[in-house]
Amino acid sequence: MGMTIAQKILKAHLVDGEMVQGQEIGLKIDQTLTQDATGTMAYLQFEAMGIDQVRTERSVAYIDHNTLQSGFENADDHKYIGSVAKKHGIYYSKAGNGICHQVHLERFGAPGKTLIGSDSHTPTGGGIGMLAFGAGGLDVAVAMGGGAYYIPMPKMVRVTLTGKLSPWVSAKDVILDVLRQMSVKGGVGKIIEYAGEGVKTLSVPERATITNMGAELGATTSIFPSDEATRRFLEAQDRGDVWVELSSDPDAVYDEEYSVDLSALEPLAAMPHMPDNVKKVREIGTIRVNQCCIGSCTNSSYYDMMKVASILKGKTVHPDVSLTISPGSKQVLDMLAQNGALADIIAAGARILECACGPCIGMGQSPESAGVSLRTFNRNFEGRSGTQDAQIYLVSPEVAAASALAGVLTDPRTLGGMPEITMPEHFVINDNMIVKPAGNPAEVEVVRGPNIKPFPLGKALEASYKGKVVLKTEDNITTDHILPAGAKLLPYRSNVPYYANYCFINVDPAFPARCKEQGGGVIVGGANYGQGSSREHAALVPLYLGVKAVLCKSFARIHKANLVNSGILPLTFADPADYDAVKLLDDISLPNVREEVENGAQVTVVCGGRTFKADCEVSDRQRGALLAGGTLNYARQSAQ
């Protein structure tokens with residue numbers, strides 16, 4: 001039986017376990033990346049491991065999230081990350097050099113390699129045939145130390161692309177159509193592989209847009225073949241030597257199959273407040289627009305920006321619209337400046353932001369109250385923009401630019417003939433904002449600012465537990481719900497005690513105080529709990545607040561792994577109907593929890609006078625971590 005692309009890369013990197021669906025496998029990781037909102041914690045954890053130099057082929061620390069410096073906190077974190085990187089063999093991409101996924105695609109990614117990053121959109125690398133995973137910071141720290149990265153062996157899903165995109169239809173519309181078919185939880189436990197004749201019609205930036213938003217499917221990762229288009233992109237980046245051809249075998253077997261006829265697609269939009277709430281732009285109608293934001297790791301490539309510049313050239317943004325442009329990297333910005341496209345964008349009245357994540361994570365440019373904002377980003381969760389009642393639509397750069405000119409949601413096909421944009425034969429190469437590790441690491445002093453606090457460690461699992469249900473949530477709770485981002489809070493990612501005051505504040509403002517009053521407790525959730533960002537703070541902060549277990553209908557993959565890493569029990573209702581009977585502040589106990597977890601049995605739950613069972617579906621390795629109170633504790637015990 002033949003193999004898929006993903007299976008071939010998994011097999012080549014397998015260091016532990018067997019490639020049997022659902023069983024845990026350990027992978028050798030070639031490359032890692034971090035960004036500054038998650039990187040400080042990841043490097044604190046790496047330092048705690050006591051390893052002098054990273055043991056990967058390439059590890060890169062990017063500064064792209066917390067670039068708004070309204071106080072000392074972000075600047076101090078950057079100083080810390082830069083000094084740790086220099087001391088421990090990590091490349092350091094300075095603020096202004098660009099968004100981690102865009103820069104990594106340009107300068108470091110390679111087909112057939114494995115990559116994990118402390119950001120959920122790391123699967124962007126699948127656009128050039130990498131097997132790239134979003135992960136928690138501790139998993140990245142372990143990989144930097146030479147340890148394996150563990151995942152359940154995923155199912156394989158093929159999405160066959162046929163035809164060719166029509167004028168004014170883009171890669172964003174492809175992934176929105178896949179989301180419409182599969183939903184935000186349809187990819188959980190699966191690797192999405194794109195195949196078919198339509199693949200050849202897509203450039204690497206277009207493919208990267210599609211794999212980037214595979215994170216919104218809940219997928220383990222997404223991947224494209226490595227073909228002639230991949231080779232041309234890498235050669236244009238002066239990195240043709242890393243290219244290898246990758247394709248699935250003709251007789252490869254997939255667990256699920258979907259198809260997208262590219263020629264039948266039309267401009268789409270994800271409506272508030274979920275990426276899978278997708279409709280055709282023409283069906284939504286001409287709603288008034290207050291803001292358009294173009295950029296993010298999804299749609300900030302040179303290819304995207306040139307399309308936007310061609311639409312805006314010689315025109316003026318509607319007087320009622322604020323249009324922002326965030327180029328994905330310094331390379332993109334350099335090239336726009338050199339060819340005159342940047343002047344066209346500025347002349348039209350767009351606001352040029354720095355090469356960073358910016359508005360996508362609520363770092364500035366929050367919409368007006370109840371405002372309508374069209375964004376080329378990947379998530380439109382309620383409140384993520386920084387304005388709780390804003391209406392956020394996810395659209396392509398073409399739709400955003402056309403709408404910015406018209407002042408209403410606009411189908412770009414009304415603009416007439418589409419300008420032809422071609423990929424450059426050679427990109428401008430200037431890596432002067434990437435700092436190499438020190439040649440004499442022993443002489444480098446790591447700098448720690450006063451906002452950097454120790455991270456919490458879990459305690460060994462006790463024989464039994466009694467507490468309260470301190471929160472009950474609905475389905476599709478995101479990590480943005482658990483711990484909001486934004487300009488006001490992201491500077492405190494390295495200060496868990498302070499950040500804890502804001503845990504779940506947009507769901508239940510009383511949650512932090514309730515946890516402190518009750519000495520912690522158990523969170524009860526619905527389906528797909530913890531979707532979205534890979535931020536491990538969504539586990540570390542509840543740990544700090546004394547949360548012992550999360551009991552829900554189902555988990556998102558990365559968040560479940562982060563809970564285990566922190567020593568918080570991830571439990572699922574054996575019978576989802578038991579969820580309905582649980583109430584806030586019910587007494588809840590796990591009378592035999594240590595013995596049951598140790599033996600791999602179902603966990604007995606007594607709640608509100610009722611007794612029922614919960615599953616604790618973890619690997620033997622994760623079971624050891626839970627018993628020890630977290631992965632770091634487990635690693636220390638194992639080393640003794």
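Visitor: Cysteines to begin with. How many disulfides does the structure hold?
Guide: The structure holds 0 disulfides. Keep in mind that this is a predicted model.

Visitor: Is cysteine 607 buried or exposed?
Guide: Buried, at 4% relative accessibility. Cysteine 360 also counts as buried, at 8%.

Visitor: Switching to helices. How do α10 and α11 cross?
Guide: Their axes cross at roughly 35° and come within 10 Å. Helix α10 covers residues 302–312, and helix α11 covers residues 330–339. The crossing is right-handed.

Visitor: Which residues meet there?
Guide: From α10, Tyr302, Met305 and Met306. They meet Val332, Met335, Leu336 and Asn339 in α11. By class, that contact has 6 nonpolar residues, 1 polar and no charged ones.

Visitor: Let me pick on methionine 305. Buried or exposed?
Guide: Methionine 305 is buried, with a relative accessible area of 0%. Its place is in helix α10.

Visitor: What is methionine 305 in contact with, leaving aside neighbours within four places in sequence?
Guide: Its contacts include Val332 and Leu336. Among the others are Ile294, Gly295, Asn299, Ser300 and Ile345. Ile325, Ser326 and Pro327 are in contact with methionine 305 as well.

Visitor: How far is proline 327 from methionine 305?
Guide: In sequence, they are 22 residues apart. In space, they are 7.2 Å apart, C-alpha to C-alpha.

Visitor: Now strands. Which ones close into a barrel?
Guide: There are 7 strands, in the order β21-β22-β23-β24-β27-β26-β25. The pairing is mixed. From one strand to the next, the twist averages 35°.

Visitor: Mixed how? Start with β21. How does β21 pair with β25?
Guide: Strand β21 (residues 465–472) pairs with β25 (residues 587–590) in the antiparallel sense, over 4 bridges. Lysine 468 stands opposite aspartate 587 in β25.

Visitor: And β21 with β22? Parallel or antiparallel?
Guide: Parallel, with 3 bridges joining β21 to β22 (residues 521–524). Valine 524 in β22 is the bridge partner of lysine 472.

Visitor: What about β24 and β27? How many bridges?
Guide: 2 bridges, in the antiparallel sense. Strand β24 spans residues 569–573 and β27 spans residues 610–615. Phenylalanine 573 has alanine 614 in β27 as its bridge partner.

Visitor: Which strands does helix α16 lie across?
Guide: β21, β22 and β23. Helix α16, residues 511–518, runs at about 170° to β21.

Visitor: One more residue. Where is aspartate 227?
Guide: Aspartate 227 is in the loop between β11 (221–223) and α8 (228–236).

Visitor: Does it count as buried or exposed?
Guide: Aspartate 227 counts as buried, at 15% relative accessibility. The cut-off for buried is under 20%.

Visitor: And what is aspartate 227 in contact with, beyond neighbours within four places in sequence?
Guide: Val199, Arg207 and Trp243.

Terms used: Residues are numbered from 1 along each chain as its sequence is written. This is a predicted model: local features need pLDDT of at least 70, side-chain atom pairs count only at pLDDT 80 or more; totals for chains, interfaces and linings use all residues. Side-chain values use heavy atoms; hydrogens and water are left out. A disulfide is a pair of cysteine sulfur atoms within 2.5 Å. Buried means under 20% relative accessible area, exposed over 50%, partly exposed in between (1.4 Å probe, protein chains only). Axes are lines fitted to C-alpha atoms, for helices over the stretch in contact, and angles run from 0 to 180 degrees between N-to-C directions. A crossing is left-handed if the near helix is turned anticlockwise from the far one by less than a right angle, and right-handed if clockwise. Contact means heavy atoms within 4.5 Å. Ala, Val, Leu, Ile, Met, Phe, Trp, Tyr, Cys and Pro count as nonpolar, Asp, Glu, Lys and Arg as charged, and the others, Gly among them, as polar. Two strands pair if DSSP finds at least two bridges between them.
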